[in-house]
Amino acid sequence: MKSAVILFPGLNRDRDMLAALEKITGHKPHAIWHGDAELPKVDLVVVPGGFSYGDYLRAGAIAARSPALAEVKKHADAGGLTLGVCNGFQILTEAGLLPGALMRNRDLKFLCKTIHLKAENTTSAFTNQYAEQPVFPCPIAHHDGNYTIDPDGLKQLQDNDQIAFRYCDADGNVTQAANPNGSIDDIAGILNAKGNVLGMMPHPENLIEKAHGGNEGRFIVESLVEAVA
Amino acid sequence: MNARVFVTLKNGVLDPQGKAIEGALDSLGFDNVDAVRQGKIFDLKLQATSADEAEKEIAKMCEKLLANTVIENYSIELRD
């Protein structure tokens, strides 16, 4: 599976993402600078995490209006697989590729810790390898992960099986107490209606080998490899 | 032409920062405050031949960048 990672000034998880993609897919991903208005032909485009443009205006707002994002939008509109992690999730919502918005965390604190996730949809291109083990610990590192959407939009996400991941406790119970940031309906990651775009706040690229404390983050890329094959 | 743009959260969208400010005001003894909502102001200096044109242009800027209309409203105030 061929992939590309979009680079913006202020990102800090781009190298982790590039390393993780190379390790899992066996192919070196393309690193695409945001000013480049052309994307190589790839199966997967990733917008990684960090603080593009210092989170000025709103997290992800400036990056979402860059030439590279217009190309990402074309790729996604044509059905191409697109993943946004953390700041990448914020950028994809700001760009209108995913519904809703990400607001300041409920308790106003930057959160950097390990939480638990539950894969709620285990059939999508991004999550089909989670069927046997849907609950896993995963790192988060964000200040604006409090996902919000209007009631009609939320119903659509629920009815269409677009909620990819929810926050949960170690036993897989989705509870208010296990929700770190106040996100509506305990949402940690969502798919678009077509299922070819995933945005998530947690960092699967930092959970790909035993030394990370777990390798369940690999399953997202392995799901994609399976879906593309 | 000068203009001021106000960007505020839509009704019904929770505002954790406004809530924290409300709590801080309360702790300072301002216990008569019922609610605080935080927003943003942009002061623009722009070229336009008429107020109407300026307002239309700024509305486009708000829709495209200054506001996230999923969660925010905007209003425009033209000044001379």
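## Overview of chain A

The secondary structure of chain A consists of 5 helices and 11 strands. Helices (H or I, at least four residues) and strands (E, at least two) are DSSP runs, numbered from the N terminus. This is a predicted model: local features need pLDDT of at least 70, side-chain atom pairs count only at pLDDT 80 or more, and totals for chains, interfaces and linings use all residues. Residues are numbered from 1 along each chain as its sequence is written, while chains are lettered from A and ligands numbered from 1 in the order in which they are written.

Along the principal axes, the C-alpha atoms of chain A fill a box of roughly 45 × 40 × 35 Å. Of its 229 residues, 55% count as buried. A residue is buried if 20 or more other C-beta atoms lie within 10 Å of its own, exposed if 12 or fewer, and partly exposed in between; the C-beta atoms are placed from the backbone.

Two residues are in contact if their C-beta atoms, placed from the backbone, lie within 7 Å.

## The sheet of chain A

Nine strands of chain A form an open sheet with mixed pairing, in the order S2-S1-S3-S4-S11-S10-S9-S6-S7. Two strands pair if DSSP finds at least two bridges between them. Strand S2 (30–33) and strand S7 (135–142) of chain A are the edge strands, and each pairs on one side only. Neighbouring strands are turned by 25° against each other on average, direction ignored. Axes are lines fitted to C-alpha atoms, for helices over the stretch in contact, and angles run from 0 to 180 degrees between N-to-C directions.

H1(A) packs on this sheet. H1(A) touches strand S1 (3–7), S2 and S3 of chain A, and its direction makes about 175° with that of S1(A). Elsewhere, strand S9 (residues 163–168) and strand S10 (residues 187–191) of chain A pair in the antiparallel sense over 3 bridges. A:Arg166 has A:Ile187 in S10(A) as its bridge partner.

## Cores and a buried helix

The largest nonpolar core has 72 residues. A nonpolar core is a set of buried Ala, Val, Leu, Ile, Met, Phe, Trp, Tyr and Cys residues joined through C-beta atoms within 7 Å. Those with the most contacts inside this core include A:Val5, A:Ile6 and A:Leu224. Leaving out residues up to four places away in sequence, A:Val5 touches residues including A:Met17, A:Leu18, A:Ile32 and A:Val46. A second, separate core of 6 residues includes B:Ala3, B:Cys62, B:Leu66 and B:Ala67.

In helix H5 (residues 218–228) of chain A, the buried residues include A:Phe219, A:Ile220, A:Val221 and A:Leu224. Their cover includes helix H1 (14–25), strand S3 (44–47) and strand S4 (81–85) of chain A.

## Two positive phi values

Most residues other than glycine have a negative phi. A:Cys86 has a positive phi of about 60°. A:Cys86 lies in the loop between S4 and helix H3 (87–94) of chain A. With 29 other C-beta atoms within 10 Å, A:Cys86 is buried.

A:Tyr53 also has a positive phi, near 50°. A:Tyr53 sits in the loop between S3 and helix H2 (67–77) of chain A. A:Tyr53 is partly exposed, because 19 other C-beta atoms lie within 10 Å.

## Chain B and the interface

Chain B has an open, antiparallel sheet of 3 strands in the order S2-S1-S3. Strand S2 (39–45) and strand S3 (72–79) of chain B stand at the edges with a single partner strand each, so one side of each lacks a neighbour in the sheet. S1(B) and S3(B) are joined by 8 bridges. One pairs B:Arg4 with B:Glu77 in S3(B). Helix H2 (residues 51–66) of chain B lies across S1, S2 and S3 of chain B, at about 150° to S3(B).

Where do the chains meet? In all, 13 residues of chain A are in contact with 8 residues of chain B. Strand S5 (101–103) and strand S8 (146–148) of chain A each give two or more residues to that side of chain A.
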